[in-house]
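User: Please take a close look at one part of this model, the protein surface that faces the DNA. Walk me through it in short sentences.

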2 protein chains.
Amino acid sequence: MDDDKVFRALGDPTRRKLLDLLCEKNGQTLGQLCENLDMARQSATQHLGILEEANLVSTVRRGREKLHFINPVPLHEVYERWVRKFERQRLNLLHDLKKELEGE
Amino acid sequence: MDDDKVFRALGDPTRRKLLDLLCEKNGQTLGQLCENLDMARQSATQHLGILEEANLVSTVRRGREKLHFINPVPLHEVYERWVRKFERQRLNLLHDLKKELEGE
DNA sequence: TTGACATGCAGGTAAATGCTTGCATATTGT
DNA sequence: ACAATATGCAAGCATTTACCTGCATGTCAA
């Protein structure tokens, strides 16, 4: 997995909204997603491309339509490999702060 | 919490590295952090400002120094409020995919 | 086949982003 | 006081980004 692509993809509010839309109803077409987006179709296509690059969305063609499916695996991996590390330190922080203020 | 600020802040690799550095040793000064960054001090200051805006980093002045402390709470909240929602759907996805391919 | 529909491709633009340099301010130790 | 150290402020620049428009391709249905 490419951490950087995932984080970058999540950094844009439109792309997070796309994931939200797919979470509500998975397998939507480009056209369906655009109806909720207030921007040109092509802009949405580009955002979806970035999500696909990050492996957060997979697509399947059905005739002239393109169906979009959310893939939560990279999100889970990011959480496991990156976020949890910081969570574990939560309880130490007050201690660290005290220590520093006392002059280390 | 401001989801957008948190996600944007995490979208940059330098800022994630700063969090990594603070995770290894909490309470570092600006100067200490810069030693590991390969960019001008001022660039690091700007990144730290963005992390602070997102409430991912808190600072305390000690004389002429500025100590930086990581704050994992926003990370945890993002996970709870946003990531978990997608994880819960994991098991449904294969089913959704099948359904769509069969013609909905 | 032909017209309507869904998406793909490519180039252009304005704004945001990341980084820089130069100078200012504030604190420390001698 | 003064020199060294640590950080703050602000303007400038190059790249990236998000958005658009115009045209091309592919698919369906009558």
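Analyst: Start with DNA strand D. It is surrounded by 22 residues, where near means a heavy atom of the residue within 4 Å of the strand. The closest are A:Ala40, A:Ser43, A:His47, B:Gly31 and B:Arg41. Of the atoms of DNA strand D that come within 4 Å of the protein, 58% belong to sugar and phosphate.

A word on the source. This is a predicted model, in which local features need pLDDT of at least 70, side-chain atom pairs count only at pLDDT 80 or more, and totals for chains, interfaces and linings use all residues. Residues are numbered from 1 along each chain as its sequence is written, chains are lettered from A and ligands numbered from 1 in the order in which they are written, and side-chain values use heavy atoms, with hydrogens and water left out.

B:Arg64 reaches a base: a side-chain N or O atom is 3.2 Å from a base oxygen. Two or more residues of the surface near DNA strand D come from each of α2 and α4 of chain A, and α3 (30-34), α4 (41-53) and β3 (65-70) of chain B. These elements are DSSP runs numbered from the N terminus: helices are H or I with at least four residues, strands are E with at least two. The largest share, four residues, comes from α4(A). By type, the surface has three nonpolar, 10 polar and nine charged residues. Here Ala, Val, Leu, Ile, Met, Phe, Trp, Tyr, Cys and Pro count as nonpolar, Asp, Glu, Lys and Arg as charged, and the others, Gly among them, as polar.

Next, α4(A) itself. Helix α4 of chain A has 13 residues (41-53), which should span 18 Å at 1.5 Å a residue; its end C-alpha atoms are 18 Å apart, which agrees. The expected span is 1.5 Å times one less than the number of residues. In this helix, A:Ala44, A:His47, A:Leu48 and A:Leu51 are buried. They share one side of α4(A), because they cover an arc of only 100° around the axis, taken from the directions from the axis to the C-beta atoms. An α-helix has 3.6 residues a turn, so residues three or four places apart point the same way. A:Gln46 and A:Glu53 are exposed on the other side. Buried means under 20% relative accessible area, exposed over 50%, and partly exposed in between (1.4 Å probe, protein chains only). The buried residues pack against α1 (3-10), α2 (13-24), α3 (30-34), β2 (57-62) and β3 (65-70) of chain A, with contact meaning heavy atoms within 4.5 Å. A:Asn55 follows the helix, with a positive phi near 65°.

Finally, DNA strand C. Of the 23 residues around it, A:Gly31, A:Arg41, B:Ala40, B:Ser43 and B:His47 come nearest. A:Gln42 has a polar side-chain atom 3.1 Å from a base nitrogen. A:Arg64 has one 3.2 Å from a base oxygen. B:Ala40 uses its backbone: an N or O atom lies 2.6 Å from a phosphate oxygen.

How values were computed. Polar contact = N/O pair within 3.5 Å; in protein donor to acceptor, adjacent residues only side chain to side chain.
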